[in-house]
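Here is a short report on one protein chain. Look at the model first, then read on.

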Amino acid sequence: MVSTEDRILDAARSLFIRKGYRGTTTREIAAEAGVSEVTLFRKFGSKKNLLKRIMDTSRRRVSALLGDVLNADREPREVIYEVISGLTEVIVNEKMDLLFVMLAERELEEHGFEEWELPDSTGEMIYTALENYLSEMTEKGKIRDVDPGVAAELIIGYISHASLSSHFRCHETRPPQEFTDILWNGLKP
């Protein structure tokens, strides 16, 4: 059984994705979650706190995934595939929605929610982790000498495309294995 908090968080995430943070009311969130607005405020205190919880949860999930995969002692091709498929799973199938996360972070910056202490955006965290890993693999001679930032951007581009495509029923992104195969052909030593 899904907890009341989780129902509220799922409803808020869904509405924020569809209507934006500012375009969503707490009344709509409560209605979609099947709870009263009083319950929503009792559990979270404010719409801002809901967004903060969603953002914190998403960031922790991505950070844990990157830490587990990038620190594994495996061949770079396997690691790259695990990053791509893992992030695609989290972002598309678990409805984290990278585009939403980045837009919400931008809104936080614009509206002065500094007390949240967001040191880096989730997108920056993904980019930096990938760039550092690819740099290390280049130095070790495990991948050819390419700009690791460009390779990181390609991976993020694929994941962003998968996230965006998941909103359209008529289009489905190619499986992560196909993208990894193409990318690996450009990276292998």
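Which pattern does the protein chain follow, read along the sequence? The pattern is α-α-α-α-α-α-α-α-α. The chain has nine helices and zero strands. Helices (H or I, at least four residues) and strands (E, at least two) are DSSP runs, numbered from the N terminus.

This is a predicted model: local features need pLDDT of at least 70, side-chain atom pairs count only at pLDDT 80 or more, and totals for chains, interfaces and linings use all residues. Residues are numbered from 1 along each chain as its sequence is written, and side-chain values use heavy atoms, with hydrogens and water left out.

**Whole chain**

| Property of the protein chain | Value |
|---|---|
| Buried share of the 189 residues | 43% |
| Accessible surface | about 10,500 Å² |
| Part of that surface belonging to carbon and sulfur atoms | 50% |

Buried means under 20% relative accessible area (1.4 Å probe, protein chains only). The accessible areas come from the Shrake-Rupley method with a 1.4 Å probe.

**Cores**

A nonpolar core is a set of buried Ala, Val, Leu, Ile, Met, Phe, Trp, Tyr and Cys residues joined through side-chain atoms within 4.5 Å. The largest one has 30 residues. Ile-80, Val-83, Leu-87, Ile-155 and Leu-187 touch the most other members. Helix H5 (76–93) is one of the elements that give two or more residues to this core. H5 gives the most, with seven residues. A second, separate core has 17 residues, including Leu-15 and Leu-50.

**Helix H4**

H4 (residues 47–70) has 24 residues. Its buried residues include Leu-50, Ile-54 and Val-62.

Methods. The expected span of a helix is 1.5 Å times one less than its number of residues. Buried means under 20% relative accessible area, exposed over 50%, partly exposed in between (1.4 Å probe, protein chains only).
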